[in-house]
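Here are my notes on this one, jotted down as numbered points. Have the model open while you read.

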Amino acid sequence: MDKGAVGSLAGEAVAARPSWDEYFMEITEVVSKRSTCLRRQVGAIIVKERQILTTGYNGAPRGMEHCLTIGCLRQELGIPSGQRHEICRGLHAEQNAIVQAAYHGVCIKGSTIYCTHQPCFICAKMIINAGLVRVIYANGYPDELAVGAFAEAGVELLSFVRS
Ligand SMILES: [Zn+2]
Ligand SMILES: [Zn+2]
């Protein structure tokens, strides 16, 4: 192998290196795989200064049975996507990431939250008051109230575009 070939191999390795957003979003997608929701596997991670502070996926609270095991009332009643979240025993990924910060006493003020899906209105309100400043999501979710809340509160909402 001559010097030129070595150089081009090194170049490929650099080209394959993910950006920070790609890196965090890929981790968020791995986190979502732990979800126990029957409908949608969602993941969220809270990042500050390029360090992961907490993670969350959607599922039932600690010590409670998961929808995956005993079924979900929303599923049984045929409730459409985006409605009556309150009757599901599961917490959303974003909520779990925020709660994990409270549980361990981690300050998440000024952080960014990476989400596999655009947050819902309830999560948006929690994100705003947790002091998060930026939301980066990979997949859309039809909740205009959440979009309006972020805009009104001055939280940056960005759609992640894979390069
Ligand atoms: Zn459920
Ligand atoms: Zn939510």
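1. Let's start with a glycine. With 12 C-beta neighbours inside 10 Å, Gly-131 counts as exposed; the scheme calls a residue buried if 20 or more other C-beta atoms lie within 10 Å of its own, exposed if 12 or fewer, and partly exposed in between, with C-beta atoms placed from the backbone. You'll find Gly-131 in the loop between helix 6 and strand 4. Helices (H or I, at least four residues) and strands (E, at least two) are DSSP runs, numbered from the N terminus.

2. Before going further, a word on provenance. This is a predicted model, where local features need pLDDT of at least 70 and side-chain atom pairs count only at pLDDT 80 or more, while totals for chains, interfaces and linings use all residues. Residues are numbered from 1 along each chain as its sequence is written, and chains are lettered from A and ligands numbered from 1 in the order in which they are written.

3. Back to the glycine: what does Gly-131 touch, leaving out residues up to four places away in sequence? Its contacts are Ile-108, Lys-109 and Gly-110, where contact means that the C-beta atoms, placed from the backbone, lie within 7 Å. Ala-93, 38 residues from Gly-131 in sequence, sits 17 Å from it in space, C-alpha to C-alpha.

4. Not counting residues up to four places away in sequence, Ile-108 touches Ile-46, Lys-48, Leu-53, Thr-54, Ile-98, Ala-101, Ala-130, Gly-131 and Leu-132. Thr-36 is 72 residues from Ile-108 along the chain, and their C-alpha atoms are separated by 25 Å.

5. Zooming out, the protein has seven helices and five strands, which read α-α-β-β-α-α-α-β-α-β-α-β along the sequence. The C-alpha atoms fill a box of roughly 65 × 35 × 30 Å along the principal axes. Of the 163 residues, 32% count as buried. Take the contacts between residues at least 6 apart in sequence: 55% of them join residues at least 24 apart.

6. Which strands does strand 1 pair with? Strand 1 (residues 43-48) meets strand 3 (residues 112-117) in the antiparallel sense over four bridges, with Val-47 opposite Thr-112 and Ala-44 bridged to Cys-115. Strand 1 also pairs with strand 2 in the antiparallel sense, over six bridges, and Lys-48 stands opposite Gln-51 there. The hairpin of strand 1 and strand 2 has two residues between the strands, and Glu-49 takes a positive phi near 45° in it.

7. Five of the six residues of strand 1 are buried, so this strand is largely enclosed by the rest of the structure. The largest nonpolar core has 27 residues, and Ala-44, Ile-45, Ile-113 and Tyr-114 have the most contacts inside it. Such a core is a set of buried Ala, Val, Leu, Ile, Met, Phe, Trp, Tyr and Cys residues joined through C-beta atoms within 7 Å. Strand 1 gives the most to this core, with four residues. Ile-113 touches Ala-44, Ile-46, Glu-94, Ala-97, Ile-127, Leu-132 and Val-135, not counting residues up to four places away in sequence.

8. Last, the helices. Helix 5 and helix 6 pack at an angle of about 25°, with their axes 9 Å apart. They are therefore roughly parallel to each other: angles under 35 degrees count as roughly parallel, over 145 as roughly antiparallel, 65 to 115 as roughly perpendicular and the rest as oblique. Glu-94, Gln-95 and Ile-98 of helix 5 make the contact with Cys-123, Met-126 and Ile-127 of helix 6.

Methods: Two strands pair if DSSP finds at least two bridges between them. Two residues are in contact if their C-beta atoms, placed from the backbone, lie within 7 Å. Axes are lines fitted to C-alpha atoms, for helices over the stretch in contact, and angles run from 0 to 180 degrees between N-to-C directions.
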